[in-house]
Amino acid sequence: MCQSDIFSVIPMLFFLLLLTHLQLSDEVHRVSDNLRKKLDAEEENAICCVNNLRCCRESETSTTFEVKSIITDCPNLQCGNSSAARKVVVQHDKPPPDKLVDCRQKLLLTIKVINEGIPNEKSQYIIIDHITDAATLKKVRILNPYAVRIRQAPILQVYDLKFERAVNAEAREKVFNKHNRNYRGCDTGADNPTCGLVQHQGKVVPYSTGFCCSCDAEKNRMMEQSGNEVAGVQWPLDGAVPQYHKNHPEENDYGHYKHYGFTGRDGQMVYGRVQKRADESVNYQQFTELKDGNRRQRRGGQSCDDVDLDTLPESFHESAHCLSFSNLWYSVYRIEKARLVHKLRIQIFQKYEDCHGNTHWMDLMQGKVVELGTQHPVYVDKDIIAKYTAEEVNPEDQALDYKSYKLLIPERRTADPEQFMLLPKKMVSENGKTCDTAGVGYEAFYKQKKRCSLPKGSCLNNQPNQLYESDVQAEQEGRPGNFFLKFFGSLAEDPVGYNSTGQIQYIKLVYTKRHVSNLYFELNADLVTLLKPNSFATITEVYTDATNPSKTRIIVKVTNSGLLYGVFYVRLSNCPLEVPASFNNIASKSVLISSQHQHIFNLYIEYPLPLKEFYCSVHVHNVNQELVAVRQIRIRTYDRCICIWHCECACYVTDGGLKCTPMSLDSYHAAGFQGGFSTAAHLVESSYLDEMLAMFFSMFVFLVLTLLVMGLVKALLGLCSREISLWGLDTILGTERPDVICDNKECEFRDEGISLAAQFCLNVMFFFLYPLALFNLCIRKYCFSAYTLEDDCSCEERWINYECECEDEVSPARSSKSLVSENRSSVVSLKYTTSEDKSTGNESKG
């Protein structure tokens, strides 16, 4: 493509891009075709439901919407205190406004959302085509209805958790007695205890060595009393697990006891080394039981009939009772008060009609989806303010009683949240000192009353594993359990929340009870038009004809200025007291007037006029007997009076012709007119010459801008290409005849040494300077042709392309000649020399 073509295309592309940008900036954010069809269908269904038609489709849903809307004026901040307006205060981090003020009128919209059960997660539409008028407090229809699209997420109950301690899944009792192999005897000392040692931070955990049970009831009582006062570390420990140093009896060498047999003595019990008399206050049967024909210790299970204290130590006949724990632990969490999380995604649309008469829906939020709810209660935009509030929830409707329960979560990687366990607080021990609770410890196990008279496993009921198995069995039998979290409520899709360190922070359940929330909107309603029937009427013209004093005719022209039909009638009122009272009862019949149409009412006074001139008023009432418009009229006998538009009544004979005296602004508005007075049009006369000058000026500005843009493009391209940058500059600078070296019809031109900055500036103004340079060359060539060059070589000169073709051989020694004009005072000398010409000239001078 030629360079000249490129320069002509660039400005065209520039103005096309500018035009496209202007068109896009004026576009309204329309919705897609599918959404438009959906909104149209919802609008039709709303109309059907309002009118109780068969086409109404009421979907069964757990959500009910109650809508209230009212249109009111916006507060005008410019009408405030002038002194306060002059004071300028710069506020940083200014809070968002809570009311719309940059508008003429606004729509106050309240949507009450009532949920019973789990909300529908699909989009629901609310059509708002009627609004309460703040002036009349009546519902009126609007020309361009609104549509609110609401999509709810399930309402969640979020319970924050606070870690308290860890409890074991199941505490078990281990019993060792003389019937176990390699049993040496019960020892609860710290040196070599039968149950082993449990240490924490280098100290022995109290009561961790277990206890012994003997067949001697008195000894059991003494051991129980002597071991109740032991100071030390409590168990279980908060957030810490002691180290176990176990001494398993079966691993010790008790071989020298194997040859002793255990043959019982029927009906005889021996207590201690020396047989003692039994204490009558002790019930010996509570420590022993008869099993398999032998009398055995109730808790330990060892035989009490073969006690031989002569050959074996007394501790050998005692049983050792140890407390052991499983490998699974549960974390105990305190449950905080529930907080509800409610999220609603909202979009607002408005119907409008374009210039071609086609209806569309525009998105007032410009394609954004606004999220309102408990976490985002306020949204503020230029023309929209939205707020969310919710009513308080009855604590009895919450799934969990946070004051009565604690949550137990197993400490393992894969744990089903549905099987988290909720236990009453009384079933979870706080310090390990309570029996039959989760978290039971050594002290409770050791200090249980009459421990040796109780069966094995006493004090170890209600362990988490036991409760877990009971709920699993109930679920298998089809019965609801008592402890699993899923039996208390419905869990959310992602029921467990973690903090940044990976620890459990909260749990989420779905709220299914009644929940009431409110959405408050303030929308810019400057373009909202109320369709109020029977509300807008204008008395445009009134004619009174009293040329016949016995029968006066009054012609009233009423215009329905509303957008809906209206039923109106006119009546005469406010006549002076001197006229009969029946004048105020003259009225017309009610007439239905279509929107933007007129009707002429005729009133007749068939009674001689008692006054020569008087004033009355014409009232326009609607079908509800409400006064819509009023205008004062003038009646004069033997004359015709005209009251038209914004002019006071003028009588033709009395006033000597018709002339317009403007009425007051209050009277103008009372007659039904809106806005200000209609001012006279000032005709601005413009001649054909003015129009042509304006057109030429516009073309001139366009041409200047175009040439500047083309020059800027050439200058920018010249930064990358030297040929483009230097093209045409020699013509502007007047160096169109550079030194030429012709060889085989190829020419080279010499760089004139122009700086890069000068080239850029000249290229920007190139399309202004280049035509002037060409014009200058033409003037010099054709107007000053008397100045010629006499050379030995005849060359054809091309002023634009700088090419030269030589037809004859140029002599090696060519002298320079000058052309001098005798008839002019100025001398013009043009010299074209080569290096050889200069040397030859020097020799000739010499």
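**Close-up views of a predicted model**

**View 1. Strands 27 and 28 as an antiparallel pair.** Strand 27 (residues 538-545) pairs with strand 28 in the antiparallel sense over seven bridges, where pairing requires that DSSP find at least two bridges between two strands, and strands (E, at least two residues) are DSSP runs numbered from the N terminus, as are helices (H or I, at least four). The two strands form a hairpin with six residues between them, and T538 has T559 in strand 28 as its bridge partner. This is a predicted model, in which local features need pLDDT of at least 70 and side-chain atom pairs count only at pLDDT 80 or more, while totals for chains, interfaces and linings use all residues. Residues are numbered from 1 along each chain as its sequence is written, and side-chain values use heavy atoms, with hydrogens and water left out.

**View 2. Strand 28 and its pairing with strand 31.** Strand 28 also pairs in the antiparallel sense with strand 31 (residues 598-605), over eight bridges, and I555 stands opposite N602 in strand 31. Because seven of the eight residues of strand 28 (residues 552-559) are buried, this strand is largely enclosed by the rest of the structure; buried means under 20% relative accessible area, exposed over 50%, and partly exposed in between (1.4 Å probe, protein chains only).

**View 3. Lining of the second largest pocket.** The second largest pocket is lined by 27 residues, of which N45, A46, Y125, I126 and I127 lie nearest its centre. On a 1 Å grid over the protein atoms alone, a pocket is an open set of points where a 1.4 Å probe fits, with protein on both sides within 12 Å along at least five of seven lines, and lining residues have an atom within 4 Å of a point. Strand 3 gives the most to this lining, with seven residues.
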